[in-house]
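Trainee: I am new to this structure. Please take a close look at its salt bridges, and then at one helix.

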Amino acid sequence: MSALLLINDDPVQLHLLGSLLEQDHELVIRFTCSESAWRWLQEGHVVDIIVLDLHMPGINGWRFCELLHTQSKQGQPIPPVLVVSATYSGMDAEELLADLGASAFLPLPADPAQIRQQVRKLLEEPIAPKGFHAWMVSSNVSEIDRTRAVFENRGWELVGWQSGTQMQAESTLQTPDMIIIDDPLSDATTDNLLAWCKREYPQARALVLSPQDGVRRPSSFMNESAVYLPKGCDPDTLMTLCEKWCRERAFTHVEHLLEVRTSDLKESEAQFQELFEMLPDILVIYDEQRLIQHINTSGAQQLGYVSKDLIGASFEGIQSPLVIGSSDNTKIGMEDLCPKWTEATLRRKNGTDLHVEMMERTVRFQSQRQTLFVARDMTARQRMAQENATLEQQLRQVQKMEAVGRLASGVAHDMNNILTAILAHASLLKVQNDGTNSSWKAGDVIEKAVHRGKELTSQLLGFARKGKHHHVPVDIHAVIQEVTGLLGRTVDKAITLQTDLKADAPWVVGDPNQLYQVLMNLAVNASDAMSDKGDLMFQTSNDTVSSVQASHIPGLAAGDYVVVRVTDTGDGMPQEVQAHIFEPFFTTKELGQGTGMGLAMVYGIVKNHHGYIGVTSTQGVGTTMRVYLPSVLYDVPQAKVAPVAMRSEGTGHVLIIDDEKAVAEAAQAILEYVGYTTTIRLSGQEAVDFCQDSCHTIDLVLLDMVMPDMSGSECFTELRRMRPESKILLCTGYDRNHAVQELLNQGVVGFIQKPYDLDELAQVCADALKQTASAEPCLSGSQT
């Protein structure tokens, strides 16, 4: 980034140009007074570029350029200068630049992009300001040297010749601004040389040092007479005349076009005024008495006024009493080196406060010292920042839930392996003893405890979203009726159950068992929130979520939904509780009354169904849980009665593949009890090596899905390659997820979920052995 010096006596142009150039430059130093700017530079400050107005009181643009080239401190670099003017049309710009000594020129108004581009170009490829050039022809070499010393000291370049013929022969040099002829010449008359100069360099000015005491003789030169001065005239006098003529030439161009430019100037002023009025900021100019001289339309509207109502009014009228008298207007001419934006409060016409970001600086407006006040409404910015903070918090919550879900999934899998060994041996204890035996009673207690643990791991897997691969059409109304039917027999009679099922299309695709768990869990939580009595309401509707609505709710996609609302009239929840209700193990219930997994499971199941769950709660009023599930159109299916599974005896050889030895031995104990012979292998590779021996007859393979080194899927592929006719039964501590479903599609004959008891394993193995190639796979365990 670079430092830019901006000088313009018009506060409106100064503000517009400054705001524009601040987009590209780290530091924009502003001055309304060119004298103050010059003093600032003389103090040793250095900038990378100067943007300068041409017509200003005091030191005008031309004089400022001249000072840069003649009065700058020794060794101080001269930055590129961009001259701007609203009174010059831009015609003959190259010639005008030569007189000004600037690097570039732009007429105003100019396209903002053009201004920024020109400044960038000068910074990247600085154009050295064009100096002034003079030629001198004199037979007196010492006179040439004396004059050259004075001219070069003032920033000019002077080339000297001792004869007119020599000057004409070497005239391919830089075009001269001045031609000095020291009359008489040894090889040409002055009139002939003037005629040649007029023909070759019509824009140059002629000055003749005459031996006839400076008598002016008629000689047309750009419709002007050449100036005659006494021979031996002081070079300082020559220099003064040359500088005066260059200045006059520059302003002659401007004045020549002034009449033509007047109408254009009025139009450009109107354009600047329009731009000033169109700015969304609040722009106020007030005088030393703090009376408002001008305010833009947008600013007045933001404060509830019409612009004309504020002209001449006191600036304190729009300031909050807390900030009145805080402005510092002691600076004259020099703007703050860096804009100092501070937060403040303005007072609207209706008496309400408007929070803004503001800055003030002293300017010269209408030839008076005044203050420019700029303010920007912070309401929208603050609201956006608050919304962004909310969205970030929601995103962090989603990411945290996903991380905890992965942890819960692994915990549930390992727990199911442990429970499998316990449940299998508890089942064996019961079948090997009658009901009066203490061993049977011990097995029954263990079995019941394992089933409670199984429910907990099922909830963990539901939260972890390792299920919902049982894709069937589900009538939400039927699920609600099933839930309310059970609740009617179990909840306190003081709680009134109500339904308002208005969804015309109540069908969704998902797992009916999981959706039942979701609604039952929400209903139980709602009834627990009503200690004495109250109303528990189930409502449904079909809602369409637009993309605009979805963009404000992380996790909710645009589309058509069946929306289920479960509302209670309980105590409600404070905001700090609502922020954590879907976290696993978070509960507000007393120790022993809740695990904190209910709503975590609900959250996981709903997300796995591509849905959304939200909560609205008011303390003392109640809570509404909203569940959004994607809706589908579906015909009412015919209900099917599931057959009752009976314990099966079995024969044959079963290969048990599981990396958990305790689990493999538990399966072995059950299968050998019901009549099978078994072989255990503790890894996929061991099983593959075993099957490579064709002497081993294998009727059924019980294959674990999750194993190190070789996974269940990889092992299945190898076994099918070696023994295509083999029947393989999958077993896993996870739910029937997409990986299981993919293997079922590839020819796996069945699936059983850990933990399982004797009856479940015996039945699924018997069904698998009876299965034909075209039959559906036999399934056992949770299908969530």
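Mentor: Lys430, Asp444, Glu447 and Lys448 are joined by salt bridges into a network. The model is a predicted one, and 20 salt bridges are found in it. Three further pairs can be taken in turn.

Start with Glu143 and Arg146. These two form a salt bridge in which the closest N and O atoms are 3.0 Å apart. Both belong to helix α6 (residues 141–153), and because they are 3 residues apart there, about one helical turn separates them. Glu143 has a relative accessible area of 10%, so this residue is buried. Arg146 is partly exposed, its relative accessible area being 36%.

The side chains of Glu718 and Arg721 also meet in a salt bridge, at 2.7 Å from N to O. Helix α22 (residues 712–722) holds both of them, 3 residues apart, which is about one turn of the helix. Glu718 has a relative accessibility of 25% and therefore counts as partly exposed. Arg721, at 54%, counts as exposed, since the cut-off for exposed is over 50%.

Next comes the pair Asp281 and Arg376, a salt bridge with its closest N and O atoms 3.2 Å apart. This pair links distant parts of the chain, the two residues being 95 residues apart. Asp281 sits in the loop between α10 (258–278) and β13 (282–286), while Arg376 is in strand β17 (residues 368–377). With a relative accessibility of 14%, Asp281 counts as buried, because buried means under 20%. Arg376 has a relative accessibility of 32% and counts as partly exposed.

Now the helix. Helix α20 (residues 661–673) is made of 13 residues. From its first C-alpha to its last it reaches 18 Å, close to the 18 Å expected at 1.5 Å a residue. Its buried residues are Val663, Ala664, Ala666, Ala667, Ile670 and Leu671. Viewed down the axis of α20, these buried residues fall within an arc of 160 degrees, so they line one face of the helix. Just after α20 comes Gly675, which takes a positive phi of about 120 degrees.

To put the pairs side by side: Glu143 and Arg146 share helix α6, Glu718 and Arg721 share helix α22, and Asp281 and Arg376 link distant parts of the chain.

How values were computed
Residues are numbered from 1 along each chain as its sequence is written. This is a predicted model: local features need pLDDT of at least 70, side-chain atom pairs count only at pLDDT 80 or more; totals for chains, interfaces and linings use all residues. Side-chain values use heavy atoms; hydrogens and water are left out. A salt bridge is a side-chain nitrogen of Lys or Arg within 4 Å of a carboxyl oxygen of Asp or Glu. Helices (H or I, at least four residues) and strands (E, at least two) are DSSP runs, numbered from the N terminus. Buried means under 20% relative accessible area, exposed over 50%, partly exposed in between (1.4 Å probe, protein chains only). The expected span of a helix is 1.5 Å times one less than its number of residues. The arc is that of the directions from the helix axis to the C-beta atoms.
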